[in-house]
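Visitor: I would like to learn how to read a protein model, one feature after another. Could you show me the structure and then take me through it?

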Amino acid sequence: MTGKGRGIKCICLLAGALLLSGCGEKQAVITETVIESVESSLSDDRGITLYYVSGSTIAAEEERLRPKQPDSVTGCLEEVMNAMKLTEGFAFDGYTVGVENAVTLYFSIGEEVSRETALLEKASVVSTVSQIRNIGAITISSSLPGDIIEEEELQSGSFYYYDAVVPTGQNNGRITLYLPKEEGEGLEPVQLAVQLQLDVSVEEEVVRQLIQRNVFPEGTKLLSVSVAQKVAYVDLTPEFEKDCTAQQVASLVDSVSALPHIGSIQILIDGEKKESIGGVDTHVPLRFFDPTEVEKPAADGGA
């Protein structure tokens with residue numbers, strides 16, 4: 001069977017999808033579950049909550065869907081996909097069902113759909129579909145511009161995103177990077193939605209995002225991130241302290257300490273503390289600070 005669409009985009013049978021139930025389980029990266037309150041099974045009297053993208057988060061429809069075939073994975077899946085509201089440019093193309101009710105959902109994502117919107121759409125789809133009783137693994141296969149195909153095996157809580165409609169772990173779904181301003185010495189906050197791999201903590205992802213954006217001195221690599229008693233220990237390679245500025249130190253400290261479960265940051269270079277980096281006293285943990293202030297940030301033990 002295939003899913004039929006409604007709404008802005010017409011849904012058609014994916015070329016090559018298997019008829020009827022389909023077969024063949026697709027393997028992809030499994031991401032970390034951080035959303036704790038989305039239901040993973042369906043009770044006949046409860047129905048299914050339909051999620052949709054609303055601005056920079058996902059929202060829940062007030063009225064729950066009451067499937068006509070609650071015990072049928074394929075029947076229930078078709079009803080759910082027919083009822084979901086999808087962003088224009090994020091089109092549902094069909095599905096296959098394989099071993100142990102493993103479902104692959106096929107989507108075409110247009111150039112007009114931003115990366116953040118695509119992440120949120122995936123979050124809304126998986127959070128909705130995962131409520132179907134007896135559903136197996138959920139894989140989203142995305143057809144992107146340039147004939148690129150991406151496949152991801154996802155769970156109902158595979159995403160961190162800000163202003164989430166449900167509690168999302170310790171950091172409440174808020175990830176904020178404090179990036180150096182293009183002009184001047186200050187920092188500007190940038191909020192984003194990111195997808196975490198199973199073996200990557202949110203603290204590590206924040207540092208990785210900063211490195212990917214070339215915030216730190218060239219060649220800087222992350223060795224490890226650990227957290228103990230609300231102090232995040234961020235261990236970087238020696239390149240970090242070469243020609244480093246207070247602005248770059250503040251970007252690291254402010255971005256990681258923006259996570260509510262982090263109290264302060266202890267910067268390490270090859271596992272060792274340094275007296276000073278970029279003119280900032282770094283021999284003890286540091287709290288959030290403004291690099292434009294004349295006085296350096298007060299050191300803190302993280303207690």
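Guide: Let us start with a term: two strands pair if DSSP finds at least two bridges between them. Please keep in mind throughout that this is a predicted model.

Visitor: In strand 13, which residue is the bridge partner of valine 227?

Guide: The general idea is that strands of a sheet pair through backbone hydrogen bonds, either parallel or antiparallel. In this structure, valine 227 has alanine 232 of strand 13 as its bridge partner, and strand 12 and strand 13 pair in the antiparallel sense over 6 bridges. The hairpin of these two strands has 2 residues between them, and glutamine 229 takes a positive phi near 50° there.

Visitor: Which residue in strand 14 is the bridge partner of alanine 232?

Guide: That partner is isoleucine 265. Strand 13, which covers residues 231–236, is joined to strand 14 by 6 bridges, and these two strands run parallel. Taken together, 3 strands form an open sheet in the order 12-13-14, with mixed pairing. Strand 12 (222–228) and strand 14 (264–269) are the edge strands, each of them pairing on one side only, and from one strand to the next the twist averages 20°.

Visitor: Which strands does helix 3 lie across?

Guide: Helix 3, made of residues 202–212, lies across strand 12 and strand 13, and runs at about 145° to strand 12. Helix 4 (residues 246–257) also packs on the sheet, where it touches strand 13 and strand 14, and its direction makes about 135° with that of strand 14.

Visitor: How should I describe the way helix 3 and helix 4 cross?

Guide: In general, two packed helices are described by the angle between their axes and the distance between the axes. Here the axes of helix 3 and helix 4 come within 9 Å and cross at roughly 145°, and the crossing is right-handed. On the side of helix 3 the meeting residues are Val206, Val207 and Leu210, and on the side of helix 4 they are Ser251, Leu252, Ser255 and Val256. The residues of this contact divide into 5 nonpolar, 2 polar and no charged.

Visitor: Is glutamine 248 buried or exposed?

Guide: A residue is called buried when its relative accessible area is under 20%; glutamine 248 has 13%, so it is buried. This residue has its place in helix 4, and, leaving aside its neighbours within four places in sequence, it is in contact with Val215, Phe216, Pro217 and Asp243. Glutamine 248 and glycine 278 are 30 residues apart in sequence, while their C-alpha atoms are 7.9 Å apart in space.

Visitor: Why is strand 5 described as largely enclosed by the rest of the structure?

Guide: Strand 5 covers residues 103–109, and it is described in this way because 6 of its 7 residues are buried. Strand 5 pairs with strand 4 (residues 90–97) in the antiparallel sense over 7 bridges, and phenylalanine 92 stands opposite phenylalanine 107 of strand 5. The hairpin of strand 4 and strand 5 has 5 residues between the strands, and glutamate 100 in the turn has a positive phi of about 55°. Strand 5 also pairs with strand 6 (residues 138–144), in the parallel sense over 6 bridges, and there tyrosine 106 stands opposite serine 141.

How values were computed:
Residues numbered from 1 in each chain as written. Predicted model: local features only at pLDDT ≥ 70, side-chain atom pairs only at ≥ 80, totals over all residues. Heavy atoms only, no water. Helix = DSSP H or I, 4+ residues; strand = E, 2+ residues; numbered from the N terminus. Axes fitted to C-alpha atoms, helices over the stretch in contact; angles between N-to-C directions. Contact = heavy atoms within 4.5 Å. Left-handed = near helix turned anticlockwise from the far one by under 90°. Nonpolar A, V, L, I, M, F, W, Y, C, P; charged D, E, K, R; others polar. Buried < 20%, exposed > 50% of the residue type's maximum accessible area, 1.4 Å probe, protein only.
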